[in-house]
Structures are given as C-alpha cells and as structure tokens.
Amino acid sequence: QVQLVESGGGLVQPGGSLRLSCVVSGSMASMVVMGWYRQAPWKQRELVADITSGGRTNYADSVKGRFAISRDNAKNTVTLQMNSLKPEDTAVHYCHSGGTWFSPDDFWGQGTQVTVSS
C-alpha cells in the first residue's frame, strides 16, 4: 500500500512563500505522475500541478509563474514551491500518485492546510 505524507503547510501573508513536501513510501521512481491538488471551502478539488516520471510539468493557469513542482526519486519526495501567494490560494493541499505504468492506481495524502491571510 502506497502512503503519501505531506508537510510544510501553514499560515503565510500575501506575497509570501511556502514549500510543501510529500514523502512517498517505497520507491517513487516508477510512479508515472505525481501531483498536487487543492480544495478550498465550497469549491471542487482542483489540480495545482503535476509532474511525470520524465520531468514533464503541468500547472493550473492560476499558479503559472508562481509555483514550481519537482520530484526527487532518490529521496522519494515531491515538492511544491509556492511563491507570491495570494489569499485565493488558501486551501487544503493534497499530494497524489497515479501509480505505476503496470499498476495504475489512485493514492492521496491526508492533506495539509495552506492559509494566506494578512
């Protein structure tokens, strides 16, 4: 069973930065796509960014130029660097894995709260 554990959430002022980390149990090298999603009150869960095993990245339009996703297979870690944070970025953020090429699946972390407020 794959386990994803997030950390790094917290309270930050507008314009500030946070760095979220997701540690994956076992080997992450074969996991095709890793991603970060977020869900704000009264809203649907939405993709923030994802990254393939080959390093291809994809970002929501609302975070392009501000956020950066990366992965380190050797450390089994996915990170999301969030800069120039805005109040509308406030949400619970979830790490996600789509499994491997041969064993596709759907795994989620427990979530970490990001609050952007003065």
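Strands S1 and S3 run antiparallel and are joined by 4 bridges, two strands being counted as paired if DSSP finds at least two bridges between them. Strands here are DSSP runs (E, at least two residues), numbered from the N terminus. Within this pair, Val5 stands opposite Val23 in S3. The model is a predicted one, in which local features need pLDDT of at least 70 and side-chain atom pairs count only at pLDDT 80 or more, whereas totals for chains, interfaces and linings use all residues. Residues are numbered from 1 along each chain as its sequence is written, and side-chain values use heavy atoms, with hydrogens and water left out.

The S1-S3 pair belongs to an open sheet of 4 strands, ordered S1-S3-S8-S7 with antiparallel pairing. S1 (4-7) and S7 form the edges, each pairing on one side only. On average, neighbouring strands of the sheet are turned by 15° against each other, direction ignored; the axes are lines fitted to C-alpha atoms, and angles run from 0 to 180 degrees between N-to-C directions.

S8 pairs with S3 in the antiparallel sense over 6 bridges, and Thr79 of S8 is the bridge partner of Ser21. S7 and S8 are likewise antiparallel, over 6 bridges, with Val78 of S8 as the bridge partner of Arg71. In the hairpin of S7 and S8, 4 residues lie between the strands, and Asn76 takes a positive phi near 55°. Because 5 of its 6 residues are buried, S8 is largely enclosed by the rest of the structure; buried denotes under 20% relative accessible area (1.4 Å probe, protein chains only).

The largest nonpolar core comprises 26 residues, of which Met34, Trp36, Ile69, Leu80 and Met82 touch the most other members. S3 (18-24), S4 (33-39), S5 (46-52), S7 (67-72), S8 (77-82) and S11 (112-116) each supply at least two residues of this core, and the largest share, 4 residues, comes from S3. Such a core is a set of buried Ala, Val, Leu, Ile, Met, Phe, Trp, Tyr and Cys residues joined through side-chain atoms within 4.5 Å. Contacts of Leu80 (heavy atoms within 4.5 Å), not counting residues up to four places away in sequence, include Leu18, Leu20, Trp36, Val48, Phe67, Ile69 and His93.

His96 is found in strand S9 (residues 91-99) and counts as buried because its relative accessibility is 11%. Not counting residues up to four places away in sequence, His96 touches, among others, Met34, Tyr37, Asp106 and Trp108. The side chains of His96 and Asp106 make a polar contact at 2.3 Å (a pair of N or O atoms within 3.5 Å; within protein, one must be able to donate a hydrogen and the other to accept it, and residues adjacent in sequence count only if both atoms are side-chain atoms).

Key. Buried means under 20% relative accessible area, exposed over 50%, partly exposed in between (1.4 Å probe, protein chains only).
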